[in-house]
Amino acid sequence: EKGGFEWFMLKEIDEQPSAVADTLRGRHSPGGLLQLDEMRISDTELREVDKIIVIACGTSFYAAMVAKYAIEHWTRTPCEVELASEFRYRDPILNKSTLVVTISQSGETMDTLMAIRYARQQRARVLSICNTNGSTIPRESDAVIYTHAGPEVAVASTKGFLAQVVACYLLALYIAQVKGMKYGDEIDGILAEIGRIPDGIQRMLDEGDQMRKLATELAGSRSILFLGRHVGYPVALEGALKLKELAYIHAEGFAAGELKHGPIAVIEQGLPVFVIVPPKGRDQLQEKTVSNIQEIRARGARTIVLAEDGDEDVVPYADHLIRLPKVPTLLQPLVSTVPLQIFAAEFASQLGHDVDQPRNLAKSVTVE
Ligand code: BG6
């Protein structure tokens, strides 16, 4: 059943072009942008939403972090992101104008379920993004968007994550449309960009050998860092989480801009640091990230730079350069995550670990 792959995880990484395409399919109809699978929230209620809180655990939480950028950018509605296990203990301010969005691949994560129950008690509306039909979380939610990634067997989520990110973009566009912040043409344009992403993912898969080689070269590393800005920040966190989960080494993700406020102190000779460079153009994000690469390299870091085609600024400072297809800034996680997944799986596999069933972890955690 592994389809010729050594691990389910590698098979699931390979299935990501279709996970993304299938999650997009059939959502765009002439009458309304998004077909929600189960919707018990009216457009009138959605127009009254004045705050969105996205809640999840683990890898799904990083999809939630990406969602915040898309939701605020496209809908102009304030959005918070919260770990499910923290949410209800901080006495959050919720009412019927609050939309709580939960993200869960399995639909059974207890922390997330408890957050939903709490939110509904406070009269908030709850919309869930979920990959498992008929699971508990969608059953207890007012609305559901199913991701169509197909069953995920490996404990570490890969195709589930990319499909969640796509569902978050769709949700943000739907709310933007209902609230009148975005109109047909603009939405069609963004959807067309997302529609091209599976080709970009396929290219990252086709170029996966460079990650396998890199895993061999970096074997023996006891610590690896990841830096990113904007939506590259959750990608950095996800890259680090995958390594922790699978390879059992110290790995940490940082917002690149935070480097100078502390993390730069840990940079030492030979420390591998992945840097996800945003596309050129917006808010000088690319330029600022390039200067971060210079700073760490000057202190001896071994830099593994993920940068889009044509970005020549990074070349002098990249010990290893991973090229990404040109995509809009907000969509970059859909392509930049892929090489990090391959790297973590290969790195762990070379260490002789069980990539599909890492020690101490479970696919769905049904205790708080
Ligand atoms: C974990 C899994 O414990 O639960 C992670 O090991 C996963 O891979 C997390 O991201 C959240 O799971 P779910 O099903 O709620 O998305």
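At what angle do the axes of helix α8 and helix α9 cross? In this predicted model, the two axes cross at roughly 175°. They come within 11 Å of each other. Helix α8 covers residues 159-178, and helix α9 covers residues 184-206. Angles over 145 degrees count as roughly antiparallel, so α8 is roughly antiparallel to α9.

Both helices supply side to the contact through named residues. From α8 come Leu162, Tyr169, Leu170, Leu173 and Gln177. From α9 come Ile187, Ile190, Leu191, Ile194 and Ile201. By class, nine of the residues in the contact of α8 with α9 are nonpolar and one is polar. No charged residues take part in this contact.

The ligand is surrounded by 14 residues. The closest are Ser60, Ser104, Gln105, Ser106 and Thr109. For Gln105, a backbone N or O atom lies 2.7 Å from a ligand oxygen atom. A backbone N or O atom of Val155 lies 3.1 Å from an oxygen atom of the ligand. A polar backbone atom of Ala362 is 3.1 Å from an oxygen atom of the ligand. Taken alone, the ligand exposes 390 Å². The protein buries 90% of that area.

Methods:
Residues are numbered from 1 along each chain as its sequence is written. This is a predicted model: local features need pLDDT of at least 70, side-chain atom pairs count only at pLDDT 80 or more; totals for chains, interfaces and linings use all residues. Side-chain values use heavy atoms; hydrogens and water are left out. Axes are lines fitted to C-alpha atoms, for helices over the stretch in contact, and angles run from 0 to 180 degrees between N-to-C directions. Helices (H or I, at least four residues) and strands (E, at least two) are DSSP runs, numbered from the N terminus. Angles under 35 degrees count as roughly parallel, over 145 as roughly antiparallel, 65 to 115 as roughly perpendicular and the rest as oblique. Contact means heavy atoms within 4.5 Å. Ala, Val, Leu, Ile, Met, Phe, Trp, Tyr, Cys and Pro count as nonpolar, Asp, Glu, Lys and Arg as charged, and the others, Gly among them, as polar. A residue is near a molecule or strand if one of its heavy atoms lies within 4 Å of it. A polar contact is a pair of N or O atoms within 3.5 Å; within protein, one must be able to donate a hydrogen and the other to accept it, and residues adjacent in sequence count only if both atoms are side-chain atoms. Accessible areas come from the Shrake-Rupley method with a 1.4 Å probe; for residues, only the protein chains shown count as cover.
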